Amino acid sequence: MKSIFTGISKNSMKNIIYIILLIIAFMPVSLLMNTYFIGQGIVSGFDVLRESYGDNWNLLSQHSWLFNIRVIILSNMTSLVAMVIMQIILSITILPFLQYLFSLSRGYEIGVMRALGLGKGKAWLRLLAENIILTSTALALSLGLTIIFYKSFAFSLLGIDNETKQILDARLDTENMYGLNSEALFYAFSTAIAVTLVSSALCNVLISNSAPLKLIQKHK
Amino acid sequence: MAFLEIENLSYKYGHGDLVIKNMNFSFEAGKIYALLGASGAGKTTLLSLLAGLDNPVEGKILHNGVELKKINRDRYRAKYIGMVFQQFNLLHRFNAIDNIIMAMEISKYKVENRKQYAINLLESLGIDEKKRHRKVIELSGGEQQRVAIARALSHKPEIILADEPTGSLDEANQAGIIEILVKSAKEDNRCIIISTHSRDVAGVADKIIAIERIPYINK
């Protein structure tokens with residue numbers, strides 16, 4: 001285990017780039033998913049407001065963001081399904097590619113270690129362990145950044161300016177409406193983790209099964 | 001007594017001509033063997049085959065009477081083989097000490113304090129304290145070669161396979177490396193197999209194996 005951390009620390013620059021790329025891959029969907037749930041909260045809050053405003057409805061409808069939200073968000077399950085599909089497509093296209101690059105970048109080291117007698121299984125496990133540590137770091141950072149930025153991201157995407165926010169804050173219980181949604185985080189990160197682990201495991205097979213000398217020569 | 005033997009060994013790359021053809025030889029402990037031959041004659045290929053890094057197209061390699069094909073070659077390399085590559089093949093971002101500790105971990109060689117053991121080994125090969133802590137890529141060719149030899153010796157293997165270990169070194173460094181290898185064979189009863197172009201290296205060998213397309217042996 002100590003040697004795995006040694007391996008990670010000795011490749012610090014490569015690993016930092018890898019973690020940044022993973023964060024870039026993980027974050028958009030978690031932000032979008034939260035936006036979806038915030039949007040749904042706002043729209044249902046808006047329905048309550050519309051009823052209470054009655055004839056004064058036009059006053060609120062000047063804020064065109066409400067109509068946009070209706071179109072984008074309030075198609076209920078369809079948009080949620082669309083979000084999940086987008087999540088899966090993003091994950092399946094970007095994450096395996098990152099895993100492949102990660103495995104390739106370890107090719108030389110794994111080749112040398114295999115030439116010194118490291119078994120295929122141990123090489124595979126070593127790569128997977130390194131990757132789990134790096135991916136966990138990227139996930140923790142993504143989660144942290146999501147918590148910091150989800151509200152401003154959602155507000156900017158939904159077109160909620162200060163004036164609108166004041167109207168909503170004055171009339172509704174917005175604390176829950178704007179809250180971080182655990183369901184959103186679950187959808188976003190669980191797919192990403194599953195795709196990362198599966199693609200990492202498969203890419204590692206490619207590297208750990210390659211002939212040691214070929215790996216060394218290829219990455220010289 | 002022979003503990004590493006090759007019987008009717010042949011090898012070729014892809015669909016090309018045979019590089020090694022019907023080679024027979026026995027290697028004994030405590031002796032130095034020099035593989036002499038022109039570039040492309042198959043010296044490195046033979047070392048790779050002896051290390052179990054590749055498979056012969058025909059014939060056998062036997063270690064203690066057991067065919068390599070029938071044993072776990074990763075374990076064979078980890079336990080019995082110390083490999084010195086022509087291009088050193090060190091872990092570039094690791095320092096000299098970590099390179100040796102990594103090899104010891106792979107071979108599961110047990111000592112009380114691995115770090116101290118690695119330091120002592122490097123010191124005995126003339127790598128001073130300052131250089132031991134540098135990334136190996138920042139060391140000179142001669143120093144990298146010494147680290148590679150230290151790595152090969154670290155788990156006290158029976159066999160050292162050295163691929164042109166003096167190829168890129170000046171005369172002073174060459175003499176140092178030769179001395180280390182001779183000492184290792186005689187004092188620790190190891191079998192050292194060296195591929196070389198150097199007459200100096202061949203001069204210290206107990207046996208010279210001339211590698212051509214069809215090998216022959218001078219004693």
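Residues are numbered from 1 along each chain as its sequence is written, chains are lettered from A, and ligands are numbered from 1, in the order in which they are written. Because the model is predicted, local features need pLDDT of at least 70 and side-chain atom pairs count only at pLDDT 80 or more, while totals for chains, interfaces and linings use all residues.

**Interface of chains A and B**

Chain A places 15 residues in contact with 17 residues of chain B, where contact requires that C-beta atoms, placed from the backbone, lie within 7 Å. Elements are DSSP runs numbered from the N terminus: helices (H or I) have at least four residues and strands (E) at least two. Those of chain A that give two or more residues to the side touching chain B are listed below.

| Element of chain A | Residues |
|---|---|
| α1 | 2-10 |
| α6 | 107-115 |
| α11 | 212-218 |

The largest share of this side, four residues, is supplied by α6(A). By class, the side of chain A that touches chain B has eight nonpolar, five polar and two charged residues. Here Ala, Val, Leu, Ile, Met, Phe, Trp, Tyr, Cys and Pro count as nonpolar, Asp, Glu, Lys and Arg as charged, and the others, Gly among them, as polar.

**Strands of chain B**

From strand β6 (residues 81-84) of chain B, Ile81(B) and Met83(B) point one way and Gly82(B) and Val84(B) the other, and all are buried; buried denotes 20 or more other C-beta atoms within 10 Å of the residue's own. β6(B) runs parallel to strand β7 (residues 159-163) of chain B, and four bridges join them; pairing requires at least two DSSP bridges. Gly82(B) has Ile160(B) in β7(B) as its bridge partner.

**Helices of chain B**

Helix α3 (residues 96-107) and helix α6 (residues 141-153) of chain B pack at an angle of about 25°, with their axes 9 Å apart. α3(B) is therefore roughly parallel to α6(B), a term for angles under 35 degrees. The contact involves Ala96(B), Asn99(B), Ile100(B) and Ala103(B) of α3(B), and Val147(B), Ala150(B) and Arg151(B) of α6(B). The contact of α3(B) with α6(B) comprises five nonpolar, one polar and one charged residues.

Arg151(B) lies in helix α6 of chain B and is buried, because 30 other C-beta atoms lie within 10 Å. Leaving aside residues up to four places away in sequence, Arg151(B) touches Asn99(B), Ile100(B) and Ala103(B).

Methods. Two residues are in contact if their C-beta atoms, placed from the backbone, lie within 7 Å. A residue is buried if 20 or more other C-beta atoms lie within 10 Å of its own, exposed if 12 or fewer, and partly exposed in between; C-beta atoms are placed from the backbone. Axes are lines fitted to C-alpha atoms, for helices over the stretch in contact, and angles run from 0 to 180 degrees between N-to-C directions. Angles under 35 degrees count as roughly parallel, over 145 as roughly antiparallel, 65 to 115 as roughly perpendicular and the rest as oblique.
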